[in-house]
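Here are my notes on the model you sent over. Have the structure open while you go through them.

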Amino acid sequence: MVASRAIGSLNRFNAFRILRSRGCSCRNFSGSSALLARTHVNYGVKGNVAVIRLNSPNSKVNTLNKEVQTEFMEVMDEIWASDQIKSAVLISSKPGCFVAGADINMLASCKTPQEATQISQEGQRMFEKLERSPKPVVAAINGSCLGGGLELAIACQYRIATKDRKTVLGVPEVLLGILPGAGGTQRLPKMVGVPAAFDMMLTGRNIRADRAKKMGLVDQLVEPLGPGIKPPQERTIEYLEEVAITFANGLVDKKISPKRNKGLMEKLTAYAMTIPFVRRQIYKTVEEKVRKQTKGLYPAPLKIIDVVKTGLEQGSEAGYLAESQKFGELALTKESKALVGLYHGQVLCKKNKFGAPQKDVKHLGILGAGLMGAGIAQVSVDKGLKTLLKDTTVAGLGRGQQQVFKGLNDKVKKKSLTSFERDSIFSNLIGQLDYQGFEKVDMVIEAVFEDLSVKHKVLKEVEAVIPDHCIFASNTSALPINEIAAVSKRPEKVIGMHYFSPVDKMQLLEIITTEKTSKDTTASAVAVGLKQGKVIIVVKDGPGFYTTRCLAPMMSEVIRILQEGVDPKKLDSLTTGFGFPVGAATLADEVGVDVAKHVAEDLGKAFGERFGGGSPELLNQMVSKGFLGRKSGKGFYIYQEGSKNKSLNSDMDTIFASLRLPAKPEVSSDEDIQYRVVTRFVNEAVLCLQDGILATPAEGDIGAVFGLGFPPCLGGSSAGWQVSLHPGALIAASFNKVLFLCPGPFRFVDLYGAQKIVDRLRKYEAAYGKQFTPCQLLIDHANSPSKKFYQ
Amino acid sequence: MTSILTSTLKNLPNTSKWALRFSVRPLSCSSQLLALSAAQPKSKKTLAKPNMRNIVVVDGVRIPFLLSGTSYKDLMPHDLARAALLGLLQRTNVPKEVVDYIIFGTVIQEVKTSNVAREAALGAGFSDKTPAHTVTMACISSNQAMTTAVGLIASGQSDVVVAGGVELMSDVPIRHSRKMRKMMLDLNKAKTMGQRLSLLSKFRLNFLSPELPAVAEFSTSETMGHSADRLAAAFAVSRLEQDEYALRSHSLAKKAQDEGLLSDVVPFKVPGKDTVTKDNGIRPSSLEQLAKLKPAFIKPYGTVTAANSSFLTDGASAMLIMAEDKALALGYKPKAYLRDFVYVSQDPKDQLLLGPTYATPKVLEKAGLTMTDIDVFEFHEAFSGQILANFKAMDSDWFAQNYMGRKTKVGLLPLEKFNIWGGSLSLGHPFGATGCRLVMAAANRLRKDGGQYGLVAACAAGGQGHAMIVEAYPK
C-alpha cells in the first residue's frame with residue numbers, strides 16, 4: 001500500500017489540470033442511495049452493479065491514505081451487505097489518474113519500523129478482503145495506476161484499462177527505497193510470472209496498457225474516445241465505466257471468466273517455475289545482477305527478492321509477513337529517506353516558480369547542429385516547437401538532422417512512436433545555413449563551439465535579425481553568461497541554458513541567470529525547459545556555474561590520486577563502489593580529456609588554489625599525445641569499436657611516471673581516496689550555496705544527481721563536461737537504470753553529518769593544503785548539529 | 001479529326017455564347033420560378049449564379065452493386081467501368097465524339113490499369129482523342145470526379161464530361177514484401193552468375209510473406225471499422241440504434257428495388273455468367289438476427305458488426321455532365337443541376353467519419369439555403385454508427401461550439417427525407433463508385449417526389465468529407 005507517486009508519474013501531472021474542474025460528482029447515479037457525504041470514495045448503483053468512484057478532493061491525483069482506506073472499506077461493506085448489488089466496478093473520477101500510489105507522507109510520519117509494518121499490514125488485510133470478495137469487483141483503470149494503486153487493482157477480480165498514453169501501471173516503490181507492501185510482492189509473481197514480476201518491482205518501470213494486456217496484468221483494453229457528445233476524456237471515462245459494467249455483469253452471469261488464456265510460452269515458464277532448481281537459479285541470477293548494479297548500496301532491491309522468495313518457497317502467509325516486516329525496515333532506512341527527499345526535490349524542479357512567461361515560445365531557433373544543438377532540437381520538435389536548426393556547413397547540418405531523425409526513429413523501433421508521427425514531428429525541424437525565418441523566433445539557443453569570441457560573433461549576428469521579444473540563450477558548460485552578454489544590445493534577454501549530453505537522455509537543465517537577466521526571460525527559459533521534459537535548476541552566473549564548478553575540484557583530486565600511483569581501474573572501482581554511476585577515470589575519458597583540461601584551466605584561473613591538487617600537466621600531456629578519451633580511441637583506457645571490454649592505455653605509464661608524486665600513507669587508504677574525491681565535491685557544492693550561486697539545497701542535490709550522477713548517499717559524479725561533446729553512452733546507460741537514483745551532496749551532509757565531513761576535510765587539509773579547507777557554511781553546520789539543509 | 005473541328009467550332013463562338021447567356025438568364029430564371037411555384041407552393045429561388053455556366057446532369061447509370069466475390073469476381077476493374085460507360089452510352093445515346101473528357105474515381109488501384117478511366121473509355125469505344133484521367137479520394141473519389149468535371153465545364157475547358165467511379169474488391173493487389181521486391185529488382189540488374197547467387201543467398205523465408213493493401217488509415221494505423229466503433233461510443237450510439245438503422249436501410253432499399261425506383265441500375269451481361277440486373281446485397285433481416293452478430297472490430301464489447309457496416313462491394317457508375325446550353329443544344333432534357341459543393345477535412349483519428357457533419361452546414365451556407373430548404377438527403381452510409389454519430393454531432397450544441405466554430409447546432413436531419421431508397425449499408429459501397437450513385441439517387445428522388453433541392457454528403461478515409469447541392473431540373 002505503500003508506495004507512492006512514482007517519480008515517473010510526475011511528468012504527467014500537467015495534463016491533469018485540464019479537466020479537473022469538471023468533477024464527476026455531478027453525474028447522475030440512477031437509484032443511488034449512497035450519496036452520503038464521504039469525501040474520497042462514493043458509489044452509485046446501476047442495475048445490479050455498484051460503481052465505486054474514487055475522487056479525493058482538492059488534488060489532481062488519488063492517493064491511498066487512512067481516510068481513503070476507511071471509506072473504501074465502508075463502501076465495500078455496504079456493497080457486500082446489499083441484496084441488490086451483485087458486482088462492483090471500481091473507477092476513478094479523475095482524468096489521467098486511477099490511483100497514483102499511497103500517500104508518501106503516511107510513511108514520513110512513521111517513527112519506528114513497527115509503525116511502517118503496521119501500515120503495510122493494514123493494506124494487506126484490506127486487499128486480502130477485496131481479493132476474497134464474493135461479488136466480483138472490476139477495476140476500471142484510466143491514467144496512472146501505480147504503487148498502492150496497482151496493488152489495489154490486482155486485488156480486484158478483473159481489470160480493464162484504457163489504451164491511453166497516460167495509462168501506465170507499475171510498482172515504483174523501489175525508486176523510493178521501499179517495496180510494494182500491500183501484497184504486491186505476493187500477487188504480482190502469480191499474476192505475471194516471476195521474471196516479469198521481478199522486472200517490474202526491481203526497476204519500478206511504468207508499463208503501458210497494451211503491454212500490460214500482453215503480460216496479463218490487465219484483462220481488457222478500452223480505446224480512448226475522441227470528441228463526441230462530451231469532451232474526450234470525460235466521455236472516455238464514462239465509456240470505460242459502461243464497458244466495465246458489462247463485464248461486471250458478465251462475471252456474475254459466468255459469461256466471462258476472470259481466468260486468462262495463457263500462451264504457450266507463459267505456460268512453459270509457469271511450468272518451469274514449479275521446479276525448485278529453476279527457481280533457485282532465477283533467484284541467484286537476479287540477485288547477482290542486482291548486487292552488481294547496486295554494488296550493494298541499496299537495500300530495497302535485495303529485500304524485494306527476499307520477500308518474493310519467501311512467498312514462493314514458504315507460502316503466502318510467510319510471504320505477507322516478510323513483506324510487511326521488510327517494508328517496515330526499509331521505510332526507515334536513510335537510503336529511503338534520501339530517495340524520498342530526491343523525489344520531493346524533483347517535484348520542485350518540475351515547477352516554474354517564476355510564473356508564466358508573457359509570451360509562449362512557439363518558434364525556436366538553434367545555432368549549431370552539433371551533438372548538443374541537434375539534441376536540443378530533438379527534445380523540442382517532439383513537443384511541437386517549430387525549430388530552425390542553423391549550422392554553417394551542409395555536412396554539419398546534415399549530421400545534426402540525421403541525429404534528430406535517428407532519435408525519433410529509435411522511438412519508432414521501440415514502438416513508442418508510429419512512423420507517421422515521426423515524420424510529422426520531424427517536419428517541425430527546418431535545417432538551414434542562413435538566418436532566414438529568424439525574424440519569427442521567440443527564443444534562440446546557441447550551441448556553437450565553446451569559445452567566447454565565437455559566441456560573441458553569433459550573438460551579434462543573430463541579434464541583428466531576431467525580433468525584440470526574442471530571448472537569447474547560451475548553451476555553455478563553463479563560459480560565464482555575463483561575459484557572453486557583454487556584447488548584447490539587450491542583456492536582459494540573455495540567459496544561460498546548460499544542457500547535458502546526450503540531451504535526450506539526460507534529464508537536467510541548468511539555467512543560469514545574470515544580474516541583468518529579466519524575470520520574464522527566466523520564466524520563459526524555464527517554461528521551454530519544462531516543455532522539453534527537463535528537470536530544472538536555476539543558478540546564478542559565475543565561473544562553472546554550479547555543476548561544472550563542483551566537478552572541477554573533484555577531477556583535480558582524481559588526477560592527484562592517479563599521480564600518486566593509483567591504477568585508473570582501481571580508482572574506477574573505488575568511485576563506483578561509492579555509488580557513482582561511472583568511475584572517475586572512465587568519466588574523464590567519456591567527457592573528453594581536452595574538455596576537462598579546458599575547464600580545469602578556466603576554473604583554475606578563477607578560483608586559484610582551491611582548485612589545486614593534481615597537476616594540469618597530466619591533462620596537457622595527454623592532450624598533446626592525442627589521448628582525448630573515448631572519442632579518440634585512447635585516454636586512460638583504450639577503446640575499440642564494438643568491444644565493450646577496455647584495457648588500460650599502457651602509453652599512459654610514461655606520463656604517469658614523469659609526473660609521479662609520492663602518496664601520503666596517512667590519507668591513502670581506499671576509504672580516504674573515496675572521501676578525498678567526495679568531500680571536495682561536497683565542499684564546493686556547499687560553497688555554491690554559501691556564495692548564492694544556488695538558491696536552495698534541493699536544487700543542488702537535483703543538479704548533482706540528474707546532471708552529474710552523484711552517488712547514493714552522496715551528491716553527484718559528473719557528466720556535465722560532456723556538454724557539446726561526447727555523448728557518453730555509458731553514463732546515459734546508467735541513468736536509464738533509474739534504480740540508482742541518489743540524494744545529492746546536501747542530503748549527504750545531513751545524513752552523514754557535517755561534523756564528520758569537516759573532520760575529514762581538516763585531515764586532508766593537513767596533508768595537502770587549502771584545497772581541502774572546509775567552507776564557512778559547512779563549518780556552521782558542523783558547529784550546530786541541529787542545523788540541517790533539509791528540516 | 002472531327003473532334004478537333006468541333007472543338008474549334010466550340011471555341012469560336014464562345015464569347016458570343018456567353019454574352020447571349022447573360023442576357024437570357026434573367027428571363028429563363030423567372031420562367032423557371034414561375035413554373036416551379038405553380039408546381040410547389042413553397043417557392044424557392046434557383047441557385048444559378050451570374051457569370052457561371054449552369055451545369056447539368058443529363059443522366060447517370062450504374063451497373064448493379066454486388067457483394068465482392070460474387071458474379072464480378074473474375075473481372076477486372078476496367079471491365080466494370082466499361083460496362084457502366086456502355087450503359088451510359090445506351091441510356092443517353094450521347095454521340096461519342098462530343099464527349100470532351102472522361103474522369104473516373106477509384107480507390108484500390110489495379111496496377112495494370114492505374115488510369116482505369118482511360119482503359120475503360122477506350123474499351124467502351126469512346127474516341128481515342130478523348131482524354132481521360134483517374135482520381136482518388138477514398139470514398140468520395142467519384143464525387144471528386146464529378147466536381148472535377150464541374151470545374152472543367154465552369155472554366156470553359158469542356159462542355160461535355162463523363163464522370164464515374166469503379167471499385168472491384170473481389171480482387172486487390174497483394175504484393176511481395178519490400179525485401180522480396182528489392183531482391184527481385186536487384187536480380188534483374190545483376191550481370192554475372194556470381195552476383196545472382198550472392199543475391200539469392202540473402203533470401204530468407206520471411207521474404208515470401210505478402211503485403212496486403214492497407215485496410216488501416218495510414219496516419220493512425222487504425223482500421224475504419226475500429227474508428228467507427230470508437231466514434232459511435234463517443235456519441236453514445238447504442239448497438240440497438242445501429243442495428244435499427246441498418247435494418248431501416250435494408251428495408252427501404254428492398255422497397256425501392258421492388259418498386260423499381262432504382263432506375264439508375266443498368267443490366268450487365270457478365271461474360272460467361274448470367275446477366276446481372278439488380279443489387280445483391282440488400283438483405284432485410286430482423287433485429288433479433290442482427291443482435292446475434294459479434295462485434296467485428298472492437299472485441300468483445302464493441303458495437304459495430306458486419307451487419308451494421310457497409311459490405312465490400314464490386315461496382316461501377318457513370319454520369320453524363322454537360323453545360324446546360326450544350327445539353328439543350330443537343331436536345332437533352334437534363335435531370336438536375338449540380339450546384340455548390342464543398343470538401344472538408346478534419347482529424348483522421350478521432351473524427352475520421354464526421355465529414356458530413358462539417359460539410360453539410362458549410363455547403364448550405366455557401367448556397368444560401370437552410371436545412372428546411374432541402375427536400376432530399378442522400379448521405380453515404382459507411383457504418384450505421386457513423387451515420388448516427390453524424391446525426392448526433394449535427395444535433396449537438398456542445399459539439400458545434402467546441403469543434404465546428406458555430407454558435408448553435410446544425411440541427412436534426414429529417415429522417416423522412418433521408419436515404420429513403422436505401423443507402424450504402426444495403427445497396428453496397430464500391431468505394432470509388434458511390435458518389436455518382438448518391439447524386440443520381442438525389443436527382444431521381446427529386447424528379448419522382450417533386451422537391452427542388454437535394455443534399456449529398458459523404459465521409460472518406462483520411463478524415464475528409466464532401467457535400468454538394470443537387471437542384472432538380474425544371475420539368
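1. Before the first pair, the rule: a salt bridge here is a side-chain nitrogen of Lys or Arg within 4 Å of a carboxyl oxygen of Asp or Glu. By that rule, the side chains of Asp410(A) and Lys406(A) form one, at 3.2 Å from N to O. The two sit four residues apart in helix α16 (residues 394-413) of chain A, so about one helical turn separates Asp410(A) from Lys406(A). Helices (H or I, at least four residues) and strands (E, at least two) are DSSP runs, numbered from the N terminus.

2. Some housekeeping. This is a predicted model, where local features need pLDDT of at least 70 and side-chain atom pairs count only at pLDDT 80 or more, while totals for chains, interfaces and linings use all residues. Residues are numbered from 1 along each chain as its sequence is written, chains are lettered from A and ligands numbered from 1 in the order in which they are written, and side-chain values use heavy atoms, leaving out hydrogens and water.

3. On to the chain A and chain B interface. Contact means heavy atoms within 4.5 Å, and on that basis 19 residues of chain A touch 16 residues of chain B. The two chains bury about 1600 Å² between them, 64% of it on carbon and sulfur atoms (buried area is the accessible area, with a 1.4 Å probe, that two parts lose on being put together, summed over both). Look at Pro227(A), Ile229(A) and Phe420(A): they supply 34% of the area that chain A buries against chain B, more than any other three residues.

4. Now a helix pair in chain A. Helix α14 (residues 334-348) and helix α28 (residues 697-708) pack at about 100°, with axes 9 Å apart. Angles of 65 to 115 degrees count as roughly perpendicular, so α14(A) and α28(A) are roughly perpendicular to each other. Leu342(A), Gly345(A), Gln346(A) and Leu348(A) of α14(A) meet Ala698(A), Ile702(A), Val705(A) and Phe706(A) of α28(A).

5. Two backbone spots to check. The peptide bond from Lys299(B) to Pro300(B) is cis, with omega near 0°; Pro300(B) lies in the loop between α10 (287-291) and β8 (313-323) of chain B. Asn58(A) is not a glycine, yet has a positive phi of about 55°.

Notes: Axes fitted to C-alpha atoms, helices over the stretch in contact; angles between N-to-C directions. Parallel < 35°, antiparallel > 145°, perpendicular 65-115°, else oblique.
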